[in-house]
Amino acid sequence: DEAVRVLGEMGLPVVVETLGAQGALVLAEERLAKVPPFAVPAVRDTTGAGDAFAAGLIAGFLEGLDWEAAARMGCAVAALKIRHLGARSGLPNRQQVTRLIETRINTDTHGFNSCPCSSA
């Protein structure tokens, strides 16, 4: 959290930190949110997971999602990608990503783990 907060204090409007198997942190609009990972039943290869996350994040933002929702999309893309072997195989289409996100929302009784952070 500290690196994200420091970058936010430097004036960056958005800071996103990937946390691998722990999801991601997003600082935007003076709010720090932890975006949880998606369960991956069988990790085959993590090569390209960061690029897959970035692609999902950017796609979500370009679709008009807020930064937290865009990071959730990034986590979903990465979770689907690492179920396949190789850097380029296994990249999901939009329908697969939507299905994974909707499954998570419908089964998560506590909602996403995000917390306002007044010191951000």
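Predicted model: local features only at pLDDT ≥ 70, side-chain atom pairs only at ≥ 80, totals over all residues.
Residues are numbered from 1 along each chain as its sequence is written, and side-chain values use heavy atoms, leaving out hydrogens and water. Local features need a pLDDT of at least 70 and side-chain atom pairs 80 or more, while totals for chains, interfaces and linings use all residues.

**View 1. Helix H2 meets helix H3.** H2 covers residues 49–62 and H3 covers residues 67–81; helices here are DSSP runs (H or I) of at least four residues, numbered from the N terminus. Their axes come within 7 Å and cross at roughly 145°; axes are lines fitted to C-alpha atoms over the stretch in contact, with angles from 0 to 180 degrees between N-to-C directions. On the H2 side, look for Phe53, Leu57 and Phe61, among others, and on the H3 side for residues including Trp67, Met73 and Lys81 (contact means heavy atoms within 4.5 Å). The contact residues split into 13 nonpolar, three polar and one charged; Gly counts as polar, Ala, Val, Leu, Ile, Met, Phe, Trp, Tyr, Cys and Pro as nonpolar, and Asp, Glu, Lys and Arg as charged.

**View 2. Two rings, Phe61 and Trp67.** Searching the whole structure turns up one aromatic pair. The ring centres of Phe61 and Trp67 sit 4.1 Å apart with planes at 15°, so the pair is stacked (Phe, Tyr and Trp rings, using Trp's six-membered one, pair if their centres lie within 6.5 Å; planes under 30 degrees apart are stacked, over 60 edge-to-face, the rest tilted). Phe61 is partly exposed at 38% relative accessibility, and Trp67 is partly exposed at 22% (buried is under 20%, exposed over 50%, partly exposed in between, with a 1.4 Å probe and protein chains only).

**View 3. Residues 109–120.** The chain averages a pLDDT of 87, and 88% of the residues score at least 70; pLDDT is the predictor's confidence in each residue, from 0 to 100. Over residues 109–120, though, pLDDT is below 50, and the stretch has 22 contacts in the model beyond near neighbours in sequence.

How values were computed: Helix = DSSP H or I, 4+ residues; strand = E, 2+ residues; numbered from the N terminus.
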